[in-house]
Amino acid sequence: DEQGTVATAATTEDTEWITSISVGTPAQTLPMDFDTGSSDLWVMGASTSGTSGHTTYNANTSTSAEAMSGATWTISYGDGSSSSGDVYTDVVTIGNLTVSQQAVEVATTLSSEFTSDTALSGLVGLAMSSINTVKPTAQQTWFDNIKSNLASPLFTADLKHGEQGSYNFGYIDSSAYTGSIYYADLVTSSTYAGFWSFVSNGYSVGSNTTTTTGSTAVTGIADTGTTLLMLPDAVVAAYYAEVSSAVDSEQEGGYIFSCDATLPDFTFNVGEGSITVPGEYLNFEAISTGSSSCYGGLQSDSGIGISIFGDVALKAALVVFDSGNSRLGWAAK
Ligand SMILES: O[C@H]1CN[C@@H](c2nc(-c3ccc(C(F)(F)F)cc3)no2)C1
């Protein structure tokens with residue numbers, strides 16, 4: 001039974017936690033964005049246009065690379081970015097854990113968001129293999145391939161506010177959290193199948209008593225690749241009702257408020273317990289450099305179709321992605 005830890009470095013504005021992986025023989029080290037909201041492991045190819053300034057993967061110099069003939073992939077993300085290309089299998093090591101024949105999707109087309117983000121070479125998808133985009137045959141995620149070698153078929157994400165976080169595979173680090181881990185079963189209905197999805201049946205703003213959402217319970221996904229916390233309008237309006245300077249700005253595309261506002265904490269229920277996101281995490285950033293108006297870390301999910309517990313919420317907890325028991329665990333830290 002193996003287990004592994006990989007350190008992940010946070011960008012300055014908590015928008016991405018980049019983690020290096022090794023691909024090929026000899027190893028090619030690539031800085032990657034771990035995304036629990038998608039299921040494709042893809043890398044920028046050495047001969048792909050728009051990759052200047054990026055570290056890229058060259059299948060031709062890897063003695064263990066094998067082309068997967070006829071296989072192609074194409075993916076788009078919540079922010080409208082996209083990539084597509086062809087597929088190889090190669091050795092992929094994350095931490096000290098190696099999958100010998102991992103589907104490595106090589107991008108031959110990249111949208112501008114990716115060509116301009118020179119911090120990363122691709123994504124490691126950690127959602128369910130059922131939503132992998134490779135055709136004609138969907139491929140397994142790295143986690144699904146390594147799972148049987150792990151002491152426990154789970155991984156944890158420990159993202160932090162403005163500092164390095166970590167992903168652990170195969171075990172839960174008992175020193176990484178306080179109190180209990182609260183679990184919620186994965187939601188398997190069609191909209192949510194394929195994601196790390198759960199139901200939260202209540203929330204509270206600041207020290208207010210909990211609003212049990214009852215029939216309007218929030219069903220959302222734990223998505224390390226989404227920066228903000230995206231929840232239903234009613235919840236978001238209730239939160240910003242407690243922030244006197246807050247307005248829902250058409251121009252900025254969401255709630256903004258005075259940067260010197262003291263923001264209330266936001267607490268959401270998980271199973272028998274709850275997680276509190278400190279108010280400080282809910283001030284995302286100034287709407288532009290030097291502005292005294294700041295953009296909220298909590299925004300409406302209208303237009304997305306599902307609620308998303310992104311990094312703003314995830315960094316308030318140790319999150320357990322428990323494949324073996326089809327559940328998601330959240331613990332304070
Ligand atoms: O689709 C949902 C699945 N998880 C969310 C996600 N989004 C990205 C992403 C990363 C980097 C970039 C870029 F580098 F800026 F282009 C863009 C999007 N990674 O996970 C959204």
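Let's start with the lining of the largest pocket: by class, 15 of its residues are nonpolar, twelve are polar and eight are charged. Please keep in mind that this is a predicted model. The pocket holds about 1000 Å³ of space. Its lining counts 35 residues, and Y77, G78, D79, G225 and T226 are the closest to the centre. If you look for the elements behind that lining, β3, β5 (66-76) and α1 each give at least two residues.

So what takes up space in there? The ligand does: the space it takes is the largest pocket. Around the ligand there are 15 residues, and D35, G78, D79, E113 and D223 come nearest. Here the classes divide into three nonpolar, five polar and seven charged residues. Both β3 (28-35) and α1 (112-115) supply at least two residues of this shell.

Now let's zoom in on some atoms. A polar side-chain atom of D223 lies 2.8 Å from a nitrogen atom of the ligand. For G78, a backbone N or O atom lies 2.9 Å from a ligand oxygen atom. G225 also places a backbone N or O atom 3.4 Å from a nitrogen atom of the ligand. And how much of the ligand does the protein bury? Taken alone, the ligand exposes 460 Å², and the protein buries 86% of that.

Before I stop, a look at the second largest pocket, with a volume of about 210 Å³. Its lining has 17 residues, and M128, L186, W196, S323 and S326 lie nearest the centre. By class, that lining divides into ten nonpolar, five polar and two charged residues.

Key
Residues are numbered from 1 along each chain as its sequence is written. This is a predicted model: local features need pLDDT of at least 70, side-chain atom pairs count only at pLDDT 80 or more; totals for chains, interfaces and linings use all residues. Side-chain values use heavy atoms; hydrogens and water are left out. A residue is near a molecule or strand if one of its heavy atoms lies within 4 Å of it. A polar contact is a pair of N or O atoms within 3.5 Å; within protein, one must be able to donate a hydrogen and the other to accept it, and residues adjacent in sequence count only if both atoms are side-chain atoms. Accessible areas come from the Shrake-Rupley method with a 1.4 Å probe; for residues, only the protein chains shown count as cover. On a 1 Å grid over the protein atoms alone, a cavity is a set of points where a 1.4 Å probe fits but cannot get out, and a pocket is an open set with protein on both sides within 12 Å along at least five of seven lines; lining residues have an atom within 4 Å of a point. A molecule sits in a cavity or pocket if more than half of its atoms lie within 2 Å of its grid points. Helices (H or I, at least four residues) and strands (E, at least two) are DSSP runs, numbered from the N terminus. Ala, Val, Leu, Ile, Met, Phe, Trp, Tyr, Cys and Pro count as nonpolar, Asp, Glu, Lys and Arg as charged, and the others, Gly among them, as polar. Grid points are joined across faces, edges and corners, and a volume is the space filled by probe spheres set on the points.
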